[in-house]
Amino acid sequence: MTETTDTGEHRTPPPITREIDLSPIQRKTVKKSVMGAMAGNAIEWFDYGIYGYLTVYLSVHIFGGTEEALLWALFGFAVSFLVRPLGGIILGPLGDRIGRQKVLVFTITLISISTACIGLLPTYDMIGWWSPVLLFALRIIQGFSAGGEYAGAAVFMAEHAPDNRRGFWGSFLEFGTLLGFSAAAVLVTVMQLTLGDAFMQEWGWRIPFLLTLPLGAVALYMRKSLHESDTFEESHAQDKNTSAWQTLGDLIRNQPKQLLKIMGIVILINVAFYVVLTYMPTYLTVSLEMDATTSGLMLVGVQLVMMAVIVPLGALTDRIGRRPLLITASIGFVVLSVPAVMLLDTGVLALQILGISIFGLMLVMLLCNISATLPALFPTPVRLAGFALGYNIATSLLGGTAGLANQALIDATGSTLIPGFYLTIAGIIGLVAVLTFNETAGRSLRGDVVPGDDDQERLELGEELIGKVHA
């Protein structure tokens, strides 16, 4: 695709924005926008994290503690992902039409309220099967709002960040993701250690869910003061579409290859994310019979290390490009997933720490990249729609269902190596997708072309480009 007008006249590619050229006010706006997006994202993943760490308690209190209760509780986690594409279909194009900020305010409000309500649910002993029905309903509401939350936050952040530092600033969004998960892990683990299992079984399991309400109020306050980026405002002023449905139609008609690309890498990202950070507590305690506190502390440690290195790795992608780390991580999951699971299955704590650390290293190389990479797969007029639709379809099919699928396969086969094989297959899919990506480090997000497609025009103008040049 070349940069031409409707009449075929050649058009100069939009300029690359550099952090050094920003005024003090513009730099303050970038920081404020990134922090607002990160705060809401942290709340979303705190919500998902506490569900993962409290799955065993939910299986007892909400699903009656039967033999199938754990699978039903894992299905409760997966069910929200089944409706995420619907949220993406509606909220994504809407964000391209009315603005990213309005969608972000809506999603954090809905997520916070629905999560807090889980902490108020009557138990199975109180109201019978109505208890899981109400849980499923709340998870569906969470899933719908999450269909626009992460995509909206990533796009909002990417469009505010200067082009030469998008990897650095984008990594803060994933820092928020890890912060939310780590906070969930720390909170549940500390409660188990200090208050005891009897307290947690009685009503302590409700507390983490209820905490979402005040945390969500803080994130909502931060987001209400945010403003749209110049990138969006320029595109919105020129956009001839009159409705969100027309935006969706333009996306499907003009960007089918980009949708397949984002779905391929998101399959790997989310399978890895939900297996390693959400399902792993259940896998270690149920399938490998590890002490719950030990597994919790081990996972918290790995997440804290990931948080420490994610921002430097994000900054590294601004210098060497996004593709090298994405390709390395994808190959790592293909080659090392089964050996890492074998280390977890040894029963030797030092080897188990090594196994989970291998997963953590490969996962953080993906996470440091995605908030800068995925928004750059689409041109501005359909960016949020493309991100939200492709991301949520892939997440719904193979991401959020990863825990349920792995546990069901382990129960059916008796093999504790299932997570390793599952991650290997996801790694192959992700690697195929990444090899088709444009390099987007240092490229502009402005305009109606896919970033990187105008590399040749930029070279003719004498610009220096990072990484592989798109031919």
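This note comments on the predicted model shown above, point by point.

1. Basis of the model. The structure is a predicted model, in which local features need pLDDT of at least 70, side-chain atom pairs count only at pLDDT 80 or more, and totals for chains, interfaces and linings use all residues. Residues are numbered from 1 along each chain as its sequence is written, and side-chain values use heavy atoms, with hydrogens and water left out.

2. Overall fold. The chain holds 20 helices and zero strands; helices (H or I, at least four residues) and strands (E, at least two) are DSSP runs numbered from the N terminus. Its C-alpha atoms fill a box of roughly 70 × 40 × 40 Å along the principal axes.

3. Of the 471 residues, 60% count as buried, where buried means under 20% relative accessible area, exposed over 50%, and partly exposed in between (1.4 Å probe, protein chains only). Among contacts (heavy atoms within 4.5 Å) between residues at least 6 apart in sequence, 83% join residues at least 24 apart. The chain exposes about 17900 Å², of which carbon and sulfur atoms supply 68%; accessible areas come from the Shrake-Rupley method with a 1.4 Å probe, and for residues only the protein chains shown count as cover.

4. Nonpolar patch. Tyr124, Met126, Ile127, Trp129, Trp130, Val133 and Leu134 make a nonpolar surface patch of about 690 Å². Helix H6 (124-127) and helix H7 (130-160) are the elements that give two or more residues to this patch. Trp129 lies in the loop between H6 and H7 and is exposed, with a relative accessible area of 52%. Patches are made of residues with over 30% relative accessible area and no salt bridge; like charges are joined within 9 Å, and nonpolar side chains (Val, Leu, Ile, Met, Phe, Trp, Tyr) within 5 Å.

5. Ser114. This residue is found in helix H5 (residues 100-118) and counts as buried at 3% relative accessibility. A polar atom of the Ser114 side chain lies 3.1 Å from the backbone oxygen of Ile111. Leaving aside residues up to four places away in sequence, Ser114 touches Leu138, Ile141 and Gln142.

6. Salt bridges. The whole structure contains 12 salt bridges, each defined as a side-chain nitrogen of Lys or Arg within 4 Å of a carboxyl oxygen of Asp or Glu. One of them joins Asp318 and Arg322 (3.0 Å, N to O); Asp318 is buried at 7% relative accessibility, and Arg322 is buried at 1%.

7. Arg443 and Asp455. The side chains of Arg443 and Asp455 form a salt bridge with an N to O distance of 3.0 Å. The pair links distant parts of the chain, 12 residues apart, with Arg443 in the loop between helix H19 (418-434) and helix H20 (455-460), and Asp455 in helix H20. Arg443 is buried at a relative accessible area of 1%, and Asp455 is buried at 0%.

8. Arg458 forms a salt bridge with Glu463, their closest N and O atoms being 3.2 Å apart. Arg458 is buried at 0% relative accessible area, whereas Glu463 is partly exposed at 26%. Elsewhere, salt bridges with shared partners join Asp96, Arg100, Glu159 and Arg383 into one network.

How values were computed: Polar contact = N/O pair within 3.5 Å; in protein donor to acceptor, adjacent residues only side chain to side chain.
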